[in-house]
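Here is my note on the model, arranged as numbered points. Please read each point against the structure shown below.

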Amino acid sequence: MSATLKNVLVVGGGGREHAMCWKLVQSPKVAKLYALPGSPGIGQLEKVTLVSDISVKNLDAIVAWCKSNAIDLVAVGPEDPLAQGIGDKLQAAGIKCFGPSLKGAQIEADKNWSKDFMHRHGIPTARYSSFTKADDAKAFIRRYV
């Protein structure tokens with residue numbers, strides 16, 4: 001691959017992804033920008049083609065689509081595909097991904113894990129506990145409110 005990017009895919013369709021697309025289309029290094037699924041607003045940007053026939057949840061289909069469309073870089077906005085391992089799958093297929101690995105996404109996707117991590121490493125964070133029963137959660141709240 002040359003230093004110049006040719007094809008870029010942005011996964012997502014919200015405001016964050018719109019901002020990413022808006023900035024990416026300004027780059028002379030981006031020849032073609034795809035947004036999956038994108039949005040009507042994203043679709044109005046220059047160089048953008050919406051990809052609406054693949055679910056954001058179907059990671060294998062996204063990887064296959066990227067390979068068949070010679071995607072040089074994928075930028076992932078939403079937390080869910082990152083937490084499901086899209087970054088790892090793309091990297092395994094030789095496709096560069098801007099976004100954390102499955103383990104890297106865990107700190108945002110799994111609040112219980114992230115709170116435990118913060119406590120283990122002495123990182124200041126709010127008091128917390130996890131519950132499977134509503135009465136236990138209510139008792140915890142009453143204790144601290």
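At what angle do helix 6 and helix 7 pack, and how far apart are their axes?

1. Helix 6 (residues 102-109) and helix 7 (residues 111-120) pack at an angle of about 95°, and their axes are 6 Å apart; axes here are lines fitted to C-alpha atoms, for helices over the stretch in contact, and angles run from 0 to 180 degrees between N-to-C directions. Helix 6 and helix 7 are therefore roughly perpendicular to each other, a term that applies to angles of 65 to 115 degrees. Helix 6 contributes Gln-106, Ile-107, Glu-108 and Ala-109 to the contact, and helix 7 contributes Lys-111, Trp-113, Ser-114 and Phe-117, where contact means heavy atoms within 4.5 Å. By class, the residues of this contact are four nonpolar, two polar and two charged; Ala, Val, Leu, Ile, Met, Phe, Trp, Tyr, Cys and Pro count as nonpolar, Asp, Glu, Lys and Arg as charged, and the others, Gly among them, as polar. Helices (H or I, at least four residues) and strands (E, at least two) are DSSP runs, numbered from the N terminus.

2. On the basis of the note: this is a predicted model, in which local features need pLDDT of at least 70 and side-chain atom pairs count only at pLDDT 80 or more, whereas totals for chains, interfaces and linings use all residues. Residues are numbered from 1 along each chain as its sequence is written, and side-chain values use heavy atoms, with hydrogens and water left out.

3. The largest nonpolar core has 21 residues, and those with the most contacts inside it are Leu-9, Ile-62, Trp-65, Cys-66, Val-74, Ile-86 and Leu-90. Such a core is a set of buried Ala, Val, Leu, Ile, Met, Phe, Trp, Tyr and Cys residues joined through side-chain atoms within 4.5 Å, with buried meaning under 20% relative accessible area, exposed over 50%, and partly exposed in between (1.4 Å probe, protein chains only). At least two residues of this core come from each of strand 1 (7-12), strand 2 (32-37), helix 3 (59-68), strand 4 (73-76) and helix 5 (86-92), and helix 3 supplies the largest share, five residues. Leaving aside neighbours within four places in sequence, Ile-62 is in contact with Leu-9, Leu-36, Ile-54, Ser-55, Val-56 and Ile-86. A second, separate core of twelve residues includes Val-8, Val-10, Leu-45 and Val-48.

4. Some backbone geometry deserves a check. Most residues other than glycine have a negative phi, and most peptide bonds are trans. A cis peptide bond joins Leu-36 and Pro-37, with omega about -5°, and Pro-37 is placed in strand 2. Lys-47, which is not a glycine, has a positive phi of about 75°; Lys-47 lies in the loop between helix 2 and strand 3 (48-50) and is partly exposed, at 23% relative accessible area. Ala-70 likewise has a positive phi, near 50°, and is found in the loop between helix 3 and strand 4.

5. Ser-39 lies in the loop between strand 2 and helix 2 (40-43). Is Ser-39 buried or exposed? Ser-39 counts as buried because its relative accessibility is 16%; neighbours within four places in sequence aside, Ser-39 is in contact with Gly-13, His-18 and Leu-50.

Definitions and conventions. Angles under 35 degrees count as roughly parallel, over 145 as roughly antiparallel, 65 to 115 as roughly perpendicular and the rest as oblique.
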